[in-house]
Protein chains: 2
Amino acid sequence: MTASVHVGRSWWGWGRIEAAVTAGEREALLSRVRALLPTAELTLHEAPEPSDLDVPKPAVALPSSLAKLASTDVVDRLAHARGKAYRDVVRNLQGDIGRVPDAVVRPTSEQDIVDVLDWASSADVAVIPYGGGSSVVGGVEPRFDDHAGVVTLDLERLNHLLEVDPVSRAGLIEAGVYGPHLEEQLRSSGLTLRHFPQSFEFSTLGGWLATHSAGHYATLFTHIDDLCESLRVVSPSGMSESRRLPASGAGPSPDRLILGSEGALGVISRAWMRLQLRPRWRGQITAHFADFNAAVQATRMIAQSGLYPSNCRLLDAAEAMLNAGVRTGASVLALAFESADHPVTAWLDRGLEIIKIHGGTVPSPAIGSDTTEDTSVSGADSAAAWRSAFIRMPYQRDALAQHGMIVETLETVTTWDSFDALHEELVVTAQRVMQTVTGFGLITCRFTHVYPDGPAPYYGVYAPGRWDSLPQQWDEIKRALSDVLSKHRANITHHHAVGRDHRPWYDQQRPDSFAAALAAVKRTLDPAGILNPGVLIDPMQFP
Amino acid sequence: MTASVHVGRSWWGWGRIEAAVTAGEREALLSRVRALLPTAELTLHEAPEPSDLDVPKPAVALPSSLAKLASTDVVDRLAHARGKAYRDVVRNLQGDIGRVPDAVVRPTSEQDIVDVLDWASSADVAVIPYGGGSSVVGGVEPRFDDHAGVVTLDLERLNHLLEVDPVSRAGLIEAGVYGPHLEEQLRSSGLTLRHFPQSFEFSTLGGWLATHSAGHYATLFTHIDDLCESLRVVSPSGMSESRRLPASGAGPSPDRLILGSEGALGVISRAWMRLQLRPRWRGQITAHFADFNAAVQATRMIAQSGLYPSNCRLLDAAEAMLNAGVRTGASVLALAFESADHPVTAWLDRGLEIIKIHGGTVPSPAIGSDTTEDTSVSGADSAAAWRSAFIRMPYQRDALAQHGMIVETLETVTTWDSFDALHEELVVTAQRVMQTVTGFGLITCRFTHVYPDGPAPYYGVYAPGRWDSLPQQWDEIKRALSDVLSKHRANITHHHAVGRDHRPWYDQQRPDSFAAALAAVKRTLDPAGILNPGVLIDPMQFP
């Protein structure tokens, strides 16, 4: 048996221990912060040693037939006790560990999953299905007091590409596979899933499917949902498998009830996923706009054009300054097209026209560039350099958290007609609340994904916090901003899921009849209520 | 109050009485049939007079507060007693009327719907939500014996465009609006829903949403589901309204539980729908292929190219002969692109390249044609001429049914890797069963919609029937072909929905856990089980 992928991973923060920021990187970060926020204190707080934490002994033990699947190692349990949100990392750094799973269970087969759910249902043990644990919404955290025990069901050993259908371009894939390992197994087929969320290296197919993960593409097939052909799911009430179908007119979609169900209705064990050839042609433009509103209009026109760029990411001036080094006060639109079938010149030309119509300027257009190699994750070009910086962001966030900074994001999706008013109130509210809570702070905005009927704005929040109160300070900011989302009937999340952190606002936006229906489904598929209690729905509220 | 749209409509067959085939059209049709099927008898059978039919008096009456919404006119009740499948038309022609609704109820507001459902739930009266009544799967037919009575809830009076959001390109639309009336109300905004199923003139937005209607586009956004931003639904348990959201990461989709629910979970009262500008640029090619398999390969490559044509319809040689007048034995691929934003030259050029790679020939390509007017439904060009013929097909089917012909279609969707074997067995089985049942018959195939991972083949079946046994003869053919679909794990329907006719095969393909979940949802939203009993799910089977 191979070692767990958790070996070498940080128990308290993002990613791999050896990939954490270097001393030089840390000093550079701190210099930038000092320039922006001269009053920030920036004292370093090291993570506690797990052995110094008062981790309770396991409250329950698995029966002997399942014991071989279970780890009760303290660091393993701590590493699985919560996700990777800013508030998770900070609480870990503060030694505030909360409830920790009694065991980490790693099934090696679907039958193992069935057996664990059977045992847990009869023994009143909560089960938290777990992919890569990159949740930023409290999705894998046992934040509840009931149940005799709780185990985390880590799917990492179900990580095989089982079958490839090169004709239909699809693959049957086990849910526990991590992004890089999946792409590695697909390489010889020439096919790729081409789903690259920021968490790519530390998240799994099953996690993506359970949380509406959004990946590489900024338009069209943004969410993993659209790449899913069929699902196999193990629920306490039984196994379910849908047919491989490109589309269907036969009743409400069985898969759409599971997609986004966050482990509350069943454990996704495998899926047939739509694949594609690696792109051969790519072309990209980076445009600057003096006026953010003009950039928004250009982005909307592109989103409504039917061109379907692979990348269409708008950065406001603050975001462009902080994360792309643009110091002119310009907003930046990164536009790219790619294809495995044809050159993208016509697409890029029209994108450029739209940019110019709205007053955008393009320093050095690489129109219709014709490449024969997919370089999107290879680090060989400037887009990859940006991607590499993008992938470093969570490590940098953790370093800044160690110095008492508040560094977190929130995202939403809304219709174009609502965006201006929503954006204005979010920014004003953030500034007001940060002034109250921390004295000062910055809010930045970018569009990560755009649709014909609306954008998915993604906000960065940066403020100097007070070490002892960091989670409370962030919660206060987040609560105020989430209330603004609700007021404007925007979504509480575009692709971070609901988990436990978003529940109050999700409950507001979810239609009451659907809540009752979802509770009925939960009671049917999980009669003992053991699956990830507290996410999405409390069936007892809808008797 | 305006007259019902049913005034002037045929109670027994398709469409408007005055639009039925003319004597000349009928004679031309019969000549073509005689050439293909010399043994066909072709005796004319006129529809019975409603007054000669033994339509029972209503078994229940609405309370006085709702009586003003109800019609008990015999022709109105007969016209609502079933849909427009071949077997529906033939049974009507034979005077075999089955159960007829006790009343046709036409709500004028959402409150009327609430009141009708309240009364029906307490009085054990079944309610069949009804849009245009164009179901071809027994979706609006009271094919059950229980319940004290049954009323059809015809939404035709809820037919207003309530609001247009030109920025996000969306509209709030009442569910009972018919296709042409919706487009008429949208005209001044410059926007269009651009959803044109064959039933366009005789079907409604609510019906489309409840049955996964597939429309104009042959790729990408094929089903109405993808055009839906949010839904308002009246269920016996209460009202439900989802937020307008371009996309969501917040839990299983509430709308996807209602889309395709066929009136069994609630009555869709209104929806925010995604709209678009009318296309300005269109380009089309009609290609011929000597070899059907090569045509299939070309179509697959186009479906996987990322070009997303608006039209990509492949006709096999039999289909091309019967419905496009091509007598060379060639398969025909109709490929078209359209855009409101940009010329489609590059798209069409690449489409043509793919066609040539696979040996297709193009008699007269109209590459990159630049039009400034949307002519897709105006009858002004050859595509519109084909569309007009397409729209005549149901009238011609009815005329042939009157002469004892079996003329019906069935459709499916499957993955590309499965298509060849499925297609072969379907054709062989059809020929074998038709030989047994009718002595002879033809089966034709076209792709109505294509996806990167598979096509939606649509089959036409033509055979000389025996008047007294036409429904039974068709049922025997349909049963054999549906069994083949099941054997190959293809879908029982791409866009005709499940209704009552597809239930046995839908039950086979629906995952058991999902069936149990759906039954739980049904019991929650419709506790008295009054909504369209018999479609999709029998909750009593999943206690």
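Predicted model: local features only at pLDDT ≥ 70, side-chain atom pairs only at ≥ 80, totals over all residues.
## The interface between chains B and A

The contact involves 83 residues of chain B and 83 residues of chain A. About 6500 Å² is buried between the two chains. Carbon and sulfur atoms give 59% of that area. Accessible area lost when parts come together is often how the size of an interface is given.

The rule finds six salt bridges between chain B and chain A. In one salt bridge, B:Arg350 pairs with A:Asp341, and the closest N and O atoms are 2.8 Å apart.

## What chain B brings to the interface

Eight entries make up the list of elements that give two or more residues to the side of chain B that touches chain A: β9 (238-241), α8 (254-258), α9 (292-303), α11 (345-357), α13 (416-438), α14 (470-487), α15 (503-509) and α16 (512-525), all of chain B. The largest share comes from α16(B), with nine residues. By class, this side of chain B has 37 nonpolar residues, 31 polar and 15 charged.

## B:Ser168, a buried serine with partners in both chains

B:Ser168 sits in the loop between β5 (161-165) and β6 (170-174) of chain B. Its relative accessible area is 1%, so B:Ser168 is buried. The side chain of B:Ser168 has polar partners in both chains. One polar contact, of 2.9 Å, joins it to the side chain of A:Asp417. Another, of 2.6 Å, joins it to the side chain of B:Asp165.

Residues up to four places away in sequence aside, B:Ser168 touches A:Gln304, A:Thr415, A:Trp416, A:Asp417, A:Pro452 and A:Asp453 in chain A, and B:Arg244 in chain B.

## B:Ser237, a partly exposed serine

B:Ser237 lies in the loop between β8 (228-235) and β9 of chain B. With 40% relative accessibility, B:Ser237 counts as partly exposed. B:Ser237 touches A:Ser513 in chain A, and B:Thr524 and B:Leu525 in chain B, not counting residues up to four places away in sequence. B:Asp115 is 122 residues from B:Ser237 along the chain, and their C-alpha atoms are separated by 12 Å.

In chain A, helix α5 covers residues 110-123, 14 residues in total. From first C-alpha to last, α5(A) reaches 20 Å, close to the 20 Å expected at 1.5 Å a residue. The buried residues of α5(A) are A:Glu110, A:Asp112, A:Ile113, A:Val116, A:Leu117, A:Trp119 and A:Ala120. An α-helix has 3.6 residues a turn, so residues three or four places apart point the same way. Just after α5(A), A:Asp124 takes a positive phi of about 55 degrees.

In chain B, B:Trp119 is found in helix α5 (residues 110-123). B:Trp119 counts as buried because its relative accessibility is 14%, under the 20% cut-off. Its neighbours within four places in sequence aside, B:Trp119 is in contact with B:Ala61, B:Leu62, B:Pro63, B:Leu66, B:Val125 and B:Val151. B:Leu66 is 53 residues from B:Trp119 in sequence, yet the two are 9.2 Å apart, C-alpha to C-alpha.

Most residues other than glycine have a negative phi. A:Asn532 is not a glycine, yet has a positive phi of about 40 degrees. A:Asn532 lies in the segment after α16 (512-525) of chain A. A:Asn532 is buried, with a relative accessible area of 1%.

B:Arg194 is also not a glycine and has a positive phi of about 55 degrees. B:Arg194 lies in the loop between β7 (191-192) and α7 (205-210) of chain B. B:Arg194 is buried, at a relative accessible area of 1%.

## A:Thr204, a buried loop residue

In chain A, A:Thr204 is placed in the loop between β7 (191-192) and α7 (205-210). A relative accessible area of 1% makes A:Thr204 buried. Beyond its neighbours within four places in sequence, A:Thr204 is in contact with A:Gly131, A:Gly132, A:Ala175, A:Gly176, A:Val177 and A:Tyr178.

Conventions: Residues numbered from 1 in each chain as written. Chains lettered and ligands numbered in written order. Heavy atoms only, no water. Contact = heavy atoms within 4.5 Å. Buried area = accessible area lost by both parts, 1.4 Å probe. Salt bridge = Lys/Arg side-chain N within 4 Å of Asp/Glu carboxyl O. Helix = DSSP H or I, 4+ residues; strand = E, 2+ residues; numbered from the N terminus. Nonpolar A, V, L, I, M, F, W, Y, C, P; charged D, E, K, R; others polar. Expected span 1.5 Å × (residues − 1). Buried < 20%, exposed > 50% of the residue type's maximum accessible area, 1.4 Å probe, protein only. Polar contact = N/O pair within 3.5 Å; in protein donor to acceptor, adjacent residues only side chain to side chain.
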